[in-house]
Structures are given as C-alpha cells and as structure tokens.
Amino acid sequence: SPLTKASSILIVGAGTWGCSTALHLARRGYTNVTVLDPYPVPSPISAGNDLNKIVELGSSSSDDENETFVTRALLDAATNGWLYDPVFAPYYHDTGYIVAATTPEGRRHLDEREDASEATGFEQLTTAADFRKTMPEGILTGDFPGWRGWWKRKGAGWAHARKSMESAANEAKRLGVHFVTGSPEGEVKRLLYEEDDVKGAVTADDKEHRGDRTILCAGANSNALFDFRGQLRPTAWTLAHVRMSPDEAKLYRNLPVLFNIERGFFMEPDEDDSDLKICDEHPGYCNWTTDAMGTRTSTPFATHQIPKEAETRVRGFLKEAMPHLADREFSFARICWCADTPDRSFLISKHPDYPSLVLGVGGSGHGFSYIPAIGGFISDCMEGTLDHRIAQSFRWRPETAVGRKWDDLQERFGPDGSNRVMDFQSITEWTTTGPNL
Ligand code: FAD
C-alpha cells in the first residue's frame, strides 16, 4: 500500500538504531509507529547499552569519490546531531581523541586508514613522555612500550551511550511512538510473510503485529530473524569496568579518549558510579556452530563475564598505560555483540523480494556514533528518497558474501596471540565478576 504519515510502521528492535529510527519517524510526522523489543530501553543486550562510545566528528578523506560523499554525508548529519540536537547534545563530550599503535603494521594502518596526520588536525606523539602529558599528572603513569600515535584535541571525544539511547527513546515516546517491550510480548519470534511480502512480525506470545512497513533493527540478533545470505557475521567484543574512588574520579575528568588499535581503549569514568570502562582490542569472538549442510553460524548469547584471556588483555593494556590500575578488581564485565558485513559498511536497504521490508543493520563496530542521524537515513530508505550514492554503498549485496572468509580480520588488530577471530566454543575459563545476568 502507498506510504502515508498514517501508515503503520513496525520497528523490530529498540536498540541503538531502532530508537534513532523511531525518533526520526516521529519527527517526520508518522503517527502509527510501534517498536518491539524483548527488553525495555535500555536493553541489556543492546550494543548501545554502555557507559560510553567513541565519537569522531567532522569529515574524512578517501580516494573513492562515492565513499567520500557517503562518509561525509553520514558524519555531517551525526555531527549536527551531537552539536545541536537537544536530544543528543547533552551527552557528547568534545574531550579529544588519541589514537595509537605499536607494531609497524599497526602504525601503517593508523596513517592510511584512520587518516591520522597533521593535515587532518592531529599532533604526533612519539615518546612515552608525549603520551603522559596528554592527561593530568598521575593518570598515564605507564611506559607506553613501542607506542606511537596521534592526538586530536577537538572534534572528537565520547558520548554517554546509554543516556543518548534513552534520550532518543524518551523523545520518540513523547512524540507518540508506541513501545511494546518485555518478553514474551516484545520478543519477535519471526517475521510475518504473506503474499510474497513481509507484513509485520509475530512475538513470543503468538501475537501478530501487522505493519504497512517493517523495519528490522535487531542488531546482531537480526541474523536469527532473517536470512541475510552471509552478509552479517555476529561478532562479540569484551569490556570491563574498574571502580574509581571519589578523589580519582575528580582527577579523571574531561580526559581525551585513548585508543591503541592493537591493545585497547578507555574513556574517563562515568559520572554516576565512577566506573572506568576498558575494552581490550582484538578482531572479535564468534560463537560458531556448523549444521548438517556445513553452514557455519555465529549465534549471539548474553553474559556478564568475559573470557579470562580478555581479562589478561585488559590488564596488559593497563600495565602499558595506567599500571597503577592494572591489578584492580573488575566491578563489571560483559560481552557485547555487533554484526559485521564483509566490507564493514552498513546495510540500509529495502529487500529486493519483500517490498515492505526495510533492513537497518550491520553496525560493524562503528554504528553507535551515528545514533543522532542514522534513523534519518533508514527513514529515507523506507520513503524511497535515500541519496543514490548512500543507497549504493548500503545496498542489499549478498554477492559480497559469496564464499565469505569467516575468519577475516576485517582490518582489526590484537596483541600477539589474539590477532585472529576467536571462537567462544573453545573458551573454558571465564571471569567471575559480580552478578551474572
Ligand atoms: P543494538 O543496539 O544491539 O540493538 C539491537 C536491539 O534488538 C536490542 O535492543 C535487542 O534487545 C533487540 N532485539 C534482539 N532480539 C530481538 C528480537 N527477537 N525481537 C525484538 N528485538 C530484539 N560504535 C561506535 O560508534 N563507537 C564506539 O566506540 C563503539 N564501541 C563499541 C564497543 C563494543 C564493545 C561493541 C560491542 C560495539 C561498539 N560499537 C561502537 C558499535 C556499536 O555499539 C554498534 O554498531 C551499535 O550499537 C549497533 O546498534 P544496533 O541498533 O544495530 O544494535
């Protein structure tokens, strides 16, 4: 049926992209928008339910003309949201960004792919002393062995992830979007197929939710709800928190993000619990099973623990940068799922066979920073007005996943021994941090 502002729109997933899409549709005047999720916002399994995420504003350069346009369009729209949209601006902190690497290969990647150079507004950091003086004395006490990097003082930083997502959901609700959350009533079991089209979704209580359009935004779990023909690889990363004392929390304010692409990253402690989050860096974990036909599937699961080897990496990163924190007990840990496409570009597209189905997936490790804007592009896609260059980059592209190399590093790095995609099936030792789920 032709799309009108009164059409019923069903969004599957109230995570990062689902909340953004709900907000953008409501702002465009859609009056019949429903969002389904097995959990109320913030869902404990949403990749966006996190203290903080790295955000880079501004523009980037590339040799590919289309890519430059697409990258710029997305960055400009997101930047506008972080700086001027009252729903998101309170949660963005322009504290600067330090990006570093250790090996020659890692450094090459920094200069080429991360586009860090003086021309793009970065200052070079070559010695341990250079790194230490990027923060107040007493924070970066490490030796930074082999580290080389770049510091951008403005135009990058971090956003409070959970609060940005809640803010988007609250504004969407205020504008009339209906959230059906909790299990079974919000948990989608399957899409509703009728007349060669998708006409909504069926939840775990066997209720049919009909939609003139259905937008699938279930993150890594989308792969279980629709056949993506290999375009999504659910992959998990690991994070841990250490708790700071009130005095420490005062010292650790307004810090630039510190990211070594082969070691890990941290941002300043959060304002509520003074928890400092650390992610160890690696090419990710899958949870592989192989069926009788030989098809490999990585299936997400939730736990508030991380593999012991990830704990060792977190502590290894701390030893190099902040050794005084390296032995501190974790106050929290979890694995967090994303979904990588083969080229790590987003997948925002109608489906060629199901005209009423819109796909908004494929965060590929960098999908949070676009929360202010991504729902606008997904809405454009639904309305058929998405710029053709963006539509081309983010199209349904199963041909790119034929014979997919499932163990491809996808341009990610880890320290020695973990510079590979790892498999949860072979992990026997886990942390025992705090309460589990
Ligand atoms: P999610 O936010 O995960 O949302 C999926 C939603 O679907 C959830 O709410 C879930 O409850 C719901 N759902 C699941 N199953 C069902 C079902 N059956 N029915 C209905 N709903 C369902 N990006 C950055 O830009 N900067 C960063 O610094 C950064 N750091 C990251 C660090 C880690 C450790 C990880 C894992 C990711 C990071 N990312 C970062 C990537 C970013 O978090 C993701 O790209 C983004 O959050 C993905 O959003 P999403 O909406 O696709 O998925």
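Begin by selecting strand β7, residues 148-152. Arg148, Trp150 and Lys152 point to one side of β7, whereas Gly149 and Trp151 point to the other. Every one of the 5 residues of β7 is buried, so the strand is largely enclosed by the rest of the structure. A residue is called buried if 20 or more other C-beta atoms lie within 10 Å of its own, exposed if 12 or fewer, and partly exposed in between, with C-beta atoms placed from the backbone. Strands are DSSP runs of E of at least two residues and helices are runs of H or I of at least four, both numbered from the N terminus.

The model is a predicted one, in which local features need pLDDT of at least 70, side-chain atom pairs count only at pLDDT 80 or more, and totals for chains, interfaces and linings use all residues. Residue numbers start from 1 along each chain as its sequence is written.

Strand β5 (residues 97-101) pairs with β7 in the antiparallel sense over 5 bridges, and Ala101 has Arg148 as its bridge partner in β7. Strand β6 (residues 123-125) is also antiparallel to β7, over 3 bridges. There, Gln124 has Trp150 as its bridge partner.

Now colour the two domains, whose bounds come from an automatic or database domain assignment. Domain 1 comprises 1-93 + 155-232 + 342-404, and domain 2 comprises 97-153 + 234-340 + 407-437. Their centres, taken over C-alpha atoms, are 26 Å apart. At the boundary, 26 residues of domain 1 are in contact with 20 residues of domain 2, contact meaning that the C-beta atoms, placed from the backbone, lie within 7 Å. On the side of domain 1 that touches domain 2, β3 (52-56) and β8 (156-160) each supply at least two residues. That side has 10 nonpolar, 13 polar and 3 charged residues. In this classification Ala, Val, Leu, Ile, Met, Phe, Trp, Tyr, Cys and Pro are nonpolar, Asp, Glu, Lys and Arg are charged, and the others, Gly among them, are polar.

Select the 36 residues around the ligand: Gly13, Gly15, Gly219, Gly363 and Gly367 come nearest. Helix α1 gives the most, with 3 residues. By class, the shell has 19 nonpolar, 14 polar and 3 charged residues.

Asn254 counts as exposed because it has 12 C-beta neighbours inside 10 Å. Beyond its neighbours within four places in sequence, Asn254 is in contact with Thr95 and Glu268.

Finally, display the whole protein, with its 9 helices and 24 strands. Of its 437 residues, 48% count as buried. Its C-alpha atoms fill a box of roughly 65 × 50 × 45 Å along the principal axes.

Methods: Pairing = 2+ DSSP bridges. Contact = placed C-beta atoms within 7 Å. Near = placed C-beta within 6 Å.
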